[in-house]
Amino acid sequence: MPLFKTIDISPTSKVFLWKITEDFNELFRNVTLKDTSLARLEGMKSEGHQKGFLAVRMLFQHNGYDDFDLYYDDFGKPHLHDGTHISISHSFDFAAIVLSECNIGIDLEQIKGKIIRLAPRFMDVSHLENLSETDTMRKATVVWGIKEAIYKLKNESGISFQDHIFENPFQLSEKKCSAELHFKDIVQHYNIIFEEIDLEGSQPDGHNYMLVCAVESE
Ligand SMILES: CC(C)(COP(=O)(O)OP(=O)(O)OC[C@H]1O[C@@H](n2cnc3c(N)ncnc32)[C@H](O)[C@@H]1OP(=O)(O)O)[C@@H](O)C(=O)NCCC(=O)NCCS
């Protein structure tokens, strides 16, 4: 399937989502890879991961880029040679990139029940009070995504989801919120936008996805 959806999250930041319906060979045939990317692809243990990696390259091509326009720094953060900021996420049947004029982080997560059990390990569970089970699952997934997205944006070793990144209270209906990173005696504020990807029942396993983006607030 070609591009599934685009989301304008600000005048200068746009998200692109690919729904992976192709098999490995079809994706592989349609992208050109650098030798280093080919080696990475060959080293990946699961075909799901390989397909996510290739679908991200399809998204590059949709935007006039190719694999040669991208490089990774020593921590694994992707950068484009032309200076446009990029962040990448893949999860099961979806791949996502965000392109922006400012530093930005993206995370895409399948919404699953096990997040409720894990929530006390990474978030303030008082933010989950008085919610239905489904909304608890959704909100905990947003908070996980906030922490992944800020981690990707900041890209510094030593950041812990539990000890350094804090979500401020929010309602799911708002589709936006704020969060803070308290790290090395500095407090940095972030604006968060999130959106549940509506699959209209098209997922055989019934799981929807949550997309989260983080940008530094002015
Ligand atoms: C790196 C990390 C953020 C990746 O997240 P993930 O949910 O596993 O995977 P995603 O598909 O969302 O993202 C993967 C992409 O993140 C990007 N990425 C990897 N390291 C990155 C970094 N240091 N900074 C920014 N982006 C990074 C890459 O583009 C990667 O995809 P690619 O290699 O195919 O291009 C995550 O594995 C991680 O290390 N998190 C921090 C550790 C932690 O605190 N975990 C929780 C403990 S409670």
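## A walk around the ligand

Start by selecting the shell around the ligand: its residues divide into eight nonpolar, four polar and six charged (Ala, Val, Leu, Ile, Met, Phe, Trp, Tyr, Cys and Pro count as nonpolar, Asp, Glu, Lys and Arg as charged, and the others, Gly among them, as polar). Keep in mind that this is a predicted model, where local features need pLDDT of at least 70 and side-chain atom pairs pLDDT 80 or more, while totals for chains, interfaces and linings use all residues. Numbering runs from 1 along each chain as its sequence is written, and side-chain values use heavy atoms, with hydrogens and water left out.

Next, pick R40, Y72, S89, H90 and K152, which come nearest of the 18 residues around the ligand (near means a heavy atom within 4 Å).

Now zoom in on R40: a side-chain N or O atom there is 2.8 Å from a ligand oxygen. Hop to D107, where the side chain has an N or O atom 3.1 Å from an oxygen of the ligand.

Then colour α5 (133-154), β5 (85-91) and β7 (104-110), each giving the shell at least two residues (helices, H or I, have at least four residues and strands, E, at least two, as DSSP runs numbered from the N terminus). Which element supplies the largest share of the shell? That's α5, with four residues.

Definitions and conventions:
A polar contact is a pair of N or O atoms within 3.5 Å; within protein, one must be able to donate a hydrogen and the other to accept it, and residues adjacent in sequence count only if both atoms are side-chain atoms.
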